[in-house]
Amino acid sequence: MEDTRSGGMESFISPENAITHWGLKKGDHVADFGAGHGYFTIPVAQIVGNEGKVYALDIQKSTLDVIRSRAKLLHLLNIECIWADLEHPGGSKLRDGYIDFVIISSIAFQAETKDAIFKEAHRILRPGGRIAVIEWGENSRMGPPRELRIPKRKITEIAQLTGFHFEEQFDAGRDHYGLIFGK
């Protein structure tokens, strides 16, 4: 039976479930690449607390407005929204080696230069930092056309060519897969 407490979103990704695998702690600095409406930004901001910071990055300014509104409503003062084009060097506008964790959720399949996103994540991560990559499963009945989906092996190859090493796979829901890589 499907859990519908959040409008059936568990069929996509349960953010709370995925986040438990990431090892985030109070004081961490996290970048949410392609933050959208804050699906991960909001719960991550609650975990890292006022000692930490979450940078919500998106190319669509309107989605950043939604995150700002939700953060204000929830009194989350540790979220900074940044309009960013992550396919350009320095596109995150964050400084080198500053971030503890990067979330790359359902955006790699859309990118023309997929490796650019991983290069940007590598640039801003501190040594020992980690990334969580969540993408559409090859056999999901939902999501983008199959020809746009990126198999796990291809994501792993891109991450490794960018300087990351594979750490683990995690449950990202029925329609997605989740992978953790370290710097």
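What covers helix α2? Its buried residues (under 20% relative accessible area, with exposed meaning over 50% and partly exposed in between, using a 1.4 Å probe and protein chains only) are covered by elements that include α1 (15-19), β1, β2, α3 (61-73), β3 (79-83) and β4. Contact here is heavy atoms within 4.5 Å, and the elements are DSSP runs numbered from the N terminus, with helices being H or I of at least four residues and strands E of at least two.

This is a predicted model, where local features need pLDDT of at least 70 and side-chain atom pairs count only at pLDDT 80 or more, while totals for chains, interfaces and linings use all residues. Residues are numbered from 1 along each chain as its sequence is written, and side-chain values use heavy atoms, with hydrogens and water left out.

**Overall picture**

- You're looking at 5 helices and 7 strands, arranged from the N terminus as α-β-α-β-α-β-β-α-β-α-β-β.
- Along the principal axes, the C-alpha atoms fill a box of roughly 40 × 40 × 30 Å.
- Of the 183 residues, 52% are buried.
- Take contacts between residues at least 6 apart in sequence: 69% of them join residues at least 24 apart.
- The accessible surface is about 9,200 Å², with 53% of that belonging to carbon and sulfur atoms; areas come from Shrake-Rupley with a 1.4 Å probe, and for residues only the protein chains shown count as cover.

**Nonpolar cores**

- A nonpolar core is a set of buried Ala, Val, Leu, Ile, Met, Phe, Trp, Tyr and Cys residues joined through side-chain atoms within 4.5 Å.
- The largest one has 31 residues, and those touching the most other members are Phe33, Leu57, Val102, Ile104, Phe118, Ile131 and Ile155.
- Two or more residues of this core come from each of β1 (29-33), β2 (53-58), β4 (99-105), α4 (114-124), β5 (125-136), α5 (152-161) and β7 (176-182).
- Apart from it there is another core, of 26 residues, including Val54, Leu64, Ile67 and Ala132.
- Leaving out residues up to four places away in sequence, Phe33 touches a list that includes Leu57, Leu86, Val102, Ile104, Ile117 and Ile124, plus Ser105 and Glu120.

**Helix α2**

- Helix α2 (residues 41-48) is mostly covered, with 6 of its 8 residues buried.
- The buried ones are Thr41, Ile42, Pro43, Val44, Ala45 and Val48.
- Just after α2 comes Gly49, with a positive phi of about 65°.

**Helix α5**

- Ile155, Thr156, Ile158 and Ala159 are buried in α5.
- They sit on the same side of the helix because they cover an arc of only 165° around the axis, going by the directions from the helix axis to the C-beta atoms.
- Their packing partners are α4, β5 and β7.
- The face turned away from that buried side carries exposed Arg153 and Leu161.
- Gly163 follows α5, and its phi is positive, near 105°.

**Asp28**

- Look for Asp28 in the loop between α1 and β1.
- Asp28 counts as buried because its relative accessibility is 6%.
- The Asp28 side chain reaches the backbone nitrogen of Lys25 at 3.0 Å.
- Neighbours within four places in sequence aside, Asp28 is in contact with Gly23, Val48, Gly52, Lys53 and Asp100.

Definitions and conventions. Polar contact = N/O pair within 3.5 Å; in protein donor to acceptor, adjacent residues only side chain to side chain.
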